[in-house]
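Good morning. Please look at the sequence and the model on the screen while I go through a few of the features.

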Amino acid sequence: MTITSQEIQKLLLEWKEELNKEKQRKIQADAVSQDASVKINMIDGALQFGEMLLKKPETTGVVDIGTKGTSKRTKE
């Protein structure tokens, strides 16, 4: 069986289109993965903060949250 030049060009075009689709899909997957990593790190930090609060004896019953300019005080 002989493959014509036109058939080869058609195959190459199909492969290039498939390659572009897969590259776009990978870009999207990387973005989803990055977003999940950020959320995981945020939740992990919140868990560590909560565990630290449980271990640290607090005498006033008030916990500072935030920085000096944006500090909010909450009752426990």
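Which side chain does Asp30 meet in a salt bridge? It is the side chain of Lys26, with 2.8 Å from N to O. The term salt bridge here means a side-chain nitrogen of Lys or Arg within 4 Å of a carboxyl oxygen of Asp or Glu. In general, side chains of opposite charge can pair when their charged atoms come close.

Before the rest, some ground rules. This is a predicted model, in which local features need pLDDT of at least 70 and side-chain atom pairs count only at pLDDT 80 or more, while totals for chains, interfaces and linings use all residues. Residues are numbered from 1 along each chain as its sequence is written, and side-chain values use heavy atoms, with hydrogens and water left out.

Now the overall layout. The protein chain has one helix and two strands, and from the N terminus the order is α-β-β. Helices (H or I, at least four residues) and strands (E, at least two) are DSSP runs, numbered from the N terminus.

Next, confidence. The predictor gives each residue a pLDDT, from 0 to 100. For the protein chain the mean is 87, and 78% of the residues reach 70 or more. Helix α1 has the highest confidence, at 97, and strand β2 (residues 72-75) has the lowest, at a mean of 56.

Back to the charged pairs. How many salt bridges does the rule give? The count is three. Asp30 and Lys26 are about one helical turn apart, because they are four residues apart in helix α1. To describe cover, I call a residue buried under 20% relative accessible area, exposed over 50%, and partly exposed in between (1.4 Å probe, protein chains only). Lys26 is exposed, at 52%, and Asp30 is partly exposed, at 41%.

Another pair is Lys39 and Asp35, whose closest N and O atoms are 3.3 Å apart. They too sit in helix α1, four residues apart, so about one helical turn separates them. Both residues are partly exposed: Lys39 has a relative accessible area of 46%, and Asp35 has 40%.

The remaining pair is Arg25 and Glu22, at 3.6 Å from N to O. These two lie in helix α1 as well, three residues apart, about one turn of the helix. Arg25 is exposed, at 56%, whereas Glu22 is partly exposed, at 35%.

Last, the surface. Of the 76 residues in the protein chain, 3% count as buried. The chain exposes about 7,400 Å², and carbon and sulfur atoms supply 60% of that. These areas come from the Shrake-Rupley method with a 1.4 Å probe, and for residues only the protein chains shown count as cover.

Which residues make the nonpolar surface patch of about 470 Å²? They are Ile3, Ile8, Leu11, Leu12 and Trp15. Patches are made of residues with over 30% relative accessible area and no salt bridge; like charges are joined within 9 Å, and nonpolar side chains (Val, Leu, Ile, Met, Phe, Trp, Tyr) within 5 Å. Trp15 lies in helix α1, which covers residues 5-55. Trp15 counts as exposed because its relative accessibility is 53%.
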